[in-house]
Amino acid sequence: MKAKTFLFTLLFGAATVAPALAADDARERADKRIRDSASVLQEIIGVGGDKGIPRDLIEKAQCIGVIPNLKRAGFIVGAKYGKGVVTCRLAAGGWSAPEIVQVEGGNIGLQIGAGETDFVFAVMNRRGMDRLMSDKFTVGGDAAVMAGPVGRETTAQTDAVAKAEIISWSRAHGVFAGVTLDGATLAPDKDDNHALYGPDAGAHEILMGTARPTAAAQPLFENLRAFPPRG
């Protein structure tokens, strides 16, 4: 009897501990993705001068997204897959907890061979922000997107910039440029978001400020504090 009791206790304990360890691993992976995204953003906005993202576009943006190491493969038109984060400005000031998102498919201009690209995008208006709160949307299809200009300021506000919902850039092999990601789908990673913020946390709750950010988000917020909102 004692042997059976011991075996039952052992099995019950393993069944209880295993899900907890899996949840901890999922949270750590999601937090690492946030930290990696903050590092990429810091490197890209740190370029400055005539070779970086225009400061005024970040100040006007409603949301900022970062996809580190977006994997691309194929000849000319290739498949892509990556995960990263999106954070949006809050009405009370500051930025929302980062939502984990995934990108699939699409095309970054002309390309040959395989590799990885850091991808940064700015959501410029409420229409674009509403897209982020949907289950999935197609960049360049459901949302108007344009390749981002590079320089100190976008002194001349072109019609394209004014109408774009999303403006995007990439960095590959040390080369930074404005790109489009036409045809790609962008969707929340529900598993990662639930691991970070709980089972009730959807895109709306996260991006509107209901979800509480983890400590891993602080470097991301510190990078963005240098860009107060511009009307």
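User: What share of the contacts between residues at least 6 apart in sequence join residues at least 24 apart?
Analyst: For this predicted model, 75% of those contacts join residues at least 24 apart in sequence.

User: And how many helices and strands are there?
Analyst: The chain has 7 helices and 9 strands. Of its 231 residues, 45% count as buried.

User: What's the average pLDDT?
Analyst: The average over the chain is 79, and 73% of the residues score at least 70.

User: Which elements have the lowest and the highest mean pLDDT?
Analyst: Helix α4, residues 159–163, is the lowest with a mean of 67. At the other end is helix α7, residues 218–224, with 96.

User: Where does pLDDT stay under 50?
Analyst: Over residues 74–78. The model still has 14 contacts for that stretch beyond four places in sequence.

User: OK, switching to voids. How many cavities of 30 Å³ or more does the count come to?
Analyst: The count is 3. The largest cavity holds about 50 Å³ of space.

User: Which residues line that largest one?
Analyst: The lining is made up of Val103, Phe119, Phe121, Val139, Val145, Ile166, Ser168, Leu181 and Leu186. Strands β4 (115–123) and β7 (166–172) are the elements that give two or more residues to it. By type, the lining has 8 nonpolar residues, 1 polar and no charged.

User: I see Phe119 and Phe121 in there. Are they buried or exposed?
Analyst: Both Phe119 and Phe121 are buried.

User: How many aromatic pairs are counted?
Analyst: There is 1 aromatic pair. It is made by the rings of Phe119 and Phe121, whose centres are 5.8 Å apart.

User: Why does that pair count as tilted?
Analyst: The planes of Phe119 and Phe121 are at 35°, so the pair is tilted. Stacked would need planes under 30 degrees apart, and edge-to-face would need over 60.

User: What about Ile166, where is it placed?
Analyst: Ile166 is in strand β7, and it is one of the residues lining the largest cavity. It counts as buried because its relative accessibility is 3%, and the cut-off for buried is under 20%.

User: How far is Ile166 from Gln62?
Analyst: Along the sequence they are 104 residues apart, but C-alpha to C-alpha Ile166 and Gln62 are 9.9 Å apart in space.

User: How does the pocket lining divide into nonpolar, polar and charged?
Analyst: The pocket lining has 2 nonpolar, 2 polar and 6 charged residues. For the largest cavity, the lining was 8 nonpolar, 1 polar and no charged.

User: Last one, Arg212. Where does it sit?
Analyst: Arg212 is in the loop between α6 (203–207) and α7. With a relative accessible area of 74%, Arg212 is exposed.

User: What is Arg212 in contact with, leaving aside neighbours within four places in sequence?
Analyst: Arg212 is in contact with Ala97 and Tyr197. As for Leu196, it lies 16 residues from Arg212 in sequence and 9.0 Å away in space, C-alpha to C-alpha.

How values were computed: Residues are numbered from 1 along each chain as its sequence is written. This is a predicted model: local features need pLDDT of at least 70, side-chain atom pairs count only at pLDDT 80 or more; totals for chains, interfaces and linings use all residues. Side-chain values use heavy atoms; hydrogens and water are left out. pLDDT is the predictor's confidence in each residue, from 0 to 100. Helices (H or I, at least four residues) and strands (E, at least two) are DSSP runs, numbered from the N terminus. Contact means heavy atoms within 4.5 Å. On a 1 Å grid over the protein atoms alone, a cavity is a set of points where a 1.4 Å probe fits but cannot get out, and a pocket is an open set with protein on both sides within 12 Å along at least five of seven lines; lining residues have an atom within 4 Å of a point. Grid points are joined across faces, edges and corners, and a volume is the space filled by probe spheres set on the points. Ala, Val, Leu, Ile, Met, Phe, Trp, Tyr, Cys and Pro count as nonpolar, Asp, Glu, Lys and Arg as charged, and the others, Gly among them, as polar. Rings of Phe, Tyr and Trp (its six-membered ring) pair if their centres lie within 6.5 Å; planes under 30 degrees apart count as stacked, over 60 as edge-to-face and the rest as tilted. Buried means under 20% relative accessible area, exposed over 50%, partly exposed in between (1.4 Å probe, protein chains only).
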